[in-house]
Amino acid sequence: MPIAGILSGALVWGLIWYPYRVLQEAGVSGPMATLITYLLAMLCGGFMLPRVWRDLRYRSVSGWWVVLLVFSAGWANFGYVLGMLQGEVMRVLLLFYLAPVWTILFSHYLLGERLNRYGYLIITLSLSGAFIMLWEPSLGVPLPQNISEWLGLSAGMGFALSNVVSRRAAHLSVEAKAFSIWFGTALLTAPFLVWQGGWQFSGIAAQSWLILALLGIVLCSCSFAVQYGVTHMPANRAMLLFLFELVVAAYASWLLADEAMGARDWLGAVLIVFASLLSGRLNAGSARDECSHCPDSGK
């Protein structure tokens, strides 16, 4: 079940950028669509509220972890949608999937997981892949080249942090974690819309409302499934399974958006994907290290 939950989330997030682009072409901006769909997800998940309120009554135990989960997951979702709407799907997504680097660092400081030889190799491969993708001689230092790529990179940091916090906050129920994602995304999107000039719901066509409603239902189900998955397995192994999103997004971006990657992009992608694949070895390596100090280490 944890594996199925994470793979279903990877499938949804590999495709969800497309209906948001359709909505944007129909006159519903990315921030507006994000706010509405996550409010609808909260409405759809309203049956979880009794369990959520019971969790939040223990503020001395869960307060700070809830706040950190709300803002990290909220930015991961909001930044992801904005980046995918404006930028090249695969470049933004690959920068997002530098997340194993951030997962290793956050896991070390928040979960106490030790950085073994695989950890150093993952960091080296991931950063090398990003360097190859981003390097332009005329621009000097290889940094993201536009706001969409910066959004993808920072959303990946938020994604990694939210997964680690979700794993750390074992005292929170899956319902509370899922609800915090929807609330956090809506909370960060609302002031952005106000800054843009306010909310204009009246101009949204009936067909767009149908798409928004379907997205809200999908996000509700997907968030619950993903939180179940990341709660019941190590953060680095969960990150490995999320790689299925790259496969889905690569095919979808070629089929739906007619986007093609260059040779350097492919080389950088291979390094980043290989680094993410190695992240599944982190926990196995730690288990062997711990076992080597046990009396039964010869088994």
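Modeller: Let's begin with α9 and α11, which pack with their axes 8 Å apart at an angle of about 65°. Axes here are lines fitted to C-alpha atoms, for helices over the stretch in contact, and angles run from 0 to 180 degrees between N-to-C directions. Helices are DSSP runs (H or I, at least four residues), numbered from the N terminus. This is a predicted model, where local features need pLDDT of at least 70, side-chain atom pairs count only at 80 or more, and totals for chains, interfaces and linings use all residues. Residues are numbered from 1 along each chain as its sequence is written, and side-chain values use heavy atoms, with hydrogens and water left out.

Biologist: Which residues of α11 does α9 meet?

Modeller: Contact means heavy atoms within 4.5 Å. On the α9 side we have Asn-163, Ser-166 and Arg-167, and in α11 they meet Gln-227, Val-230 and Thr-231.

Biologist: How many residues of α3 and α10 in their contact are nonpolar?

Modeller: The axes of α3 (residues 30–44) and α10 (residues 174–196) come within 8 Å and cross at roughly 150°. Among the residues making this contact are Leu-35 and Tyr-38 of α3, and Trp-182 and Phe-183 of α10. Ala, Val, Leu, Ile, Met, Phe, Trp, Tyr, Cys and Pro count as nonpolar, Asp, Glu, Lys and Arg as charged, and the others, Gly among them, as polar. By class there are no charged residues and 4 polar ones, and the nonpolar count is 15.

Biologist: What volume does the largest cavity have?

Modeller: On a 1 Å grid over the protein atoms alone, a cavity is a set of points where a 1.4 Å probe fits but cannot get out, and lining residues have an atom within 4 Å of a point. Grid points are joined across faces, edges and corners, and a volume is the space filled by probe spheres set on the points. The count comes to 2 cavities of 30 Å³ or more. The largest has a volume of about 280 Å³.

Biologist: Which lining residues lie nearest the centre of the largest cavity?

Modeller: Helices α1 (2–15), α5 (59–86), α9 (147–168) and α11 (206–231) each supply at least two residues of its lining. By class, that lining has 12 nonpolar, 6 polar and 1 charged residues. Of the 19 lining residues, those nearest the centre are Trp-13, Asn-77, Phe-159, Ile-181 and Val-226.

Definitions and conventions
On a 1 Å grid over the protein atoms alone, a cavity is a set of points where a 1.4 Å probe fits but cannot get out, and a pocket is an open set with protein on both sides within 12 Å along at least five of seven lines; lining residues have an atom within 4 Å of a point.
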